[in-house]
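Subject: The structure I promised you

Hello! Here is the structure we talked about, so please open it before you read any further.

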Amino acid sequence: MVVASFLVKDLHVHWRHGARWFMQTLRDGDLASNSLNWQWVAGCGADASPYFRIFNPVGQGLKFDPDGEYVRRWVPELRDLAGKTAHEPWKYGGADGYPAQLIDHGDARRESLRRYAAIR
């Protein structure tokens with residue numbers, strides 16, 4: 001959900017690109033479930049009500065991985081950062097081999113909501 005929200009609502013990439021990549025990557029991918037879940041996150045399709053729900057990836061990380069253990073396990077460039085700093089390395093001097101922050105979530109969120117309002 002967080003990946004889909006980031007791709008669609010922060011980076012403004014069409015949901016079909018994410019759905020296609022996930023179907024090629026998932027070991028147990030189901031075409032219908034995958035496609036409908038991506039449409040749901042994108043706010044289109046049969047159940048489009050949550051178009052305004054935009055996950056904050058840092059907020060989700062801090063909520064569900066407060067000590068940064070999961071991040072450090074799967075993102076080796078961040079393994080030397082202590083605690084929750086792994087969720088926002090750009091605020092703490094960055095990390096070798098890890099890219100700079102791509103976008104500001106607040107700006108991207110406002111742009112997404114503006115785009116949704118324009119098509120409503």
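Ser5 lies in helix H1, which covers residues 2-10. Helices here are DSSP runs of H or I with at least four residues, strands are runs of E with at least two, and both are numbered from the N terminus. Please keep in mind that this is a predicted model, where local features need pLDDT of at least 70 and side-chain atom pairs count only at pLDDT 80 or more, while totals for chains, interfaces and linings use all residues. Residues are numbered from 1 along each chain as its sequence is written, and side-chain values use heavy atoms, with hydrogens and water left out.

Back to Ser5: is this residue buried or exposed? Ser5 counts as buried because its relative accessibility is 0%. (Buried means under 20% relative accessible area, exposed over 50%, and partly exposed in between, with a 1.4 Å probe and protein chains only.) A polar atom of the Ser5 side chain lies 3.0 Å from the backbone nitrogen of Phe55. For a polar contact, a pair of N or O atoms must be within 3.5 Å; within protein, one must be able to donate a hydrogen and the other to accept it, and residues adjacent in sequence count only if both atoms are side-chain atoms. Leaving out residues up to four places away in sequence, Ser5 touches Asp10, Val41, Arg53, Ile54 and Phe55. Contact means heavy atoms within 4.5 Å.

**The chain as a whole**

The protein chain has 6 helices and 0 strands, and along the sequence the pattern reads α-α-α-α-α-α. Its C-alpha trace spans about 45 × 35 × 25 Å along the principal axes. Of the 120 residues, 31% count as buried. Among contacts with a separation of 6 or more, 52% come from residues 24 or more positions apart.

**From H1 into H2**

His12 lies in the loop between H1 and H2. Its phi is near 60°, a positive value in a residue other than glycine. With a relative accessible area of 27%, His12 is partly exposed.

Arg20 counts as partly exposed, at 46% relative accessibility, and Met23 counts as partly exposed at 26%. Not counting residues up to four places away in sequence, Met23 touches Gly29, Asp30, Leu31 and Asn34. Met23 and Leu81 are 58 residues apart in sequence and 32 Å apart in space, C-alpha to C-alpha. Arg20 and Val41 are 21 residues apart along the chain, and their C-alpha atoms are separated by 15 Å.

**Helix H3**

H3 has 12 residues and reaches 16 Å from its first C-alpha to its last, close to the 16 Å expected at 1.5 Å a residue. That expected span is 1.5 Å times one less than the number of residues. Which residues of H3 are buried? They are Asn34, Ser35, Trp38, Gln39, Val41 and Ala42. Seen down the axis, these buried residues fall within an arc of 165°, so they line one face of H3. The arc is that of the directions from the helix axis to the C-beta atoms. The cover over these buried residues includes H1, H2 and H6. Just after H3, Gly43 takes a positive phi of about 80°.

**Helix H6 and its packing**

H6 (residues 105-119) has 15 residues and reaches 21 Å from first C-alpha to last, close to the 21 Å expected. Asp104 caps its N-terminal end, with a side-chain oxygen 3.1 Å from the backbone nitrogen of Gly106. The buried residues of H6 are His105, Ala108, Ser112 and Tyr116. They are on the same side of H6 because they cover an arc of only 75° around the axis. The face turned away from that buried side carries the exposed residues Arg110, Ala117 and Ala118. Covering the buried residues of H6 are, among others, H1, helix H3 (31-42) and helix H4 (57-64).

How do H1 and H6 meet, and at what angle? They pack at about 65°, with their axes 9 Å apart. Axes are lines fitted to C-alpha atoms, for helices over the stretch in contact, and angles run from 0 to 180 degrees between N-to-C directions. H1 and H6 are therefore roughly perpendicular to each other. (Under 35 degrees counts as roughly parallel, over 145 as roughly antiparallel, 65 to 115 as roughly perpendicular and the rest as oblique.) The contact is made by Val8, Lys9 and Asp10 of H1 and His105, Ala108, Ser112 and Tyr116 of H6.

Happy exploring!
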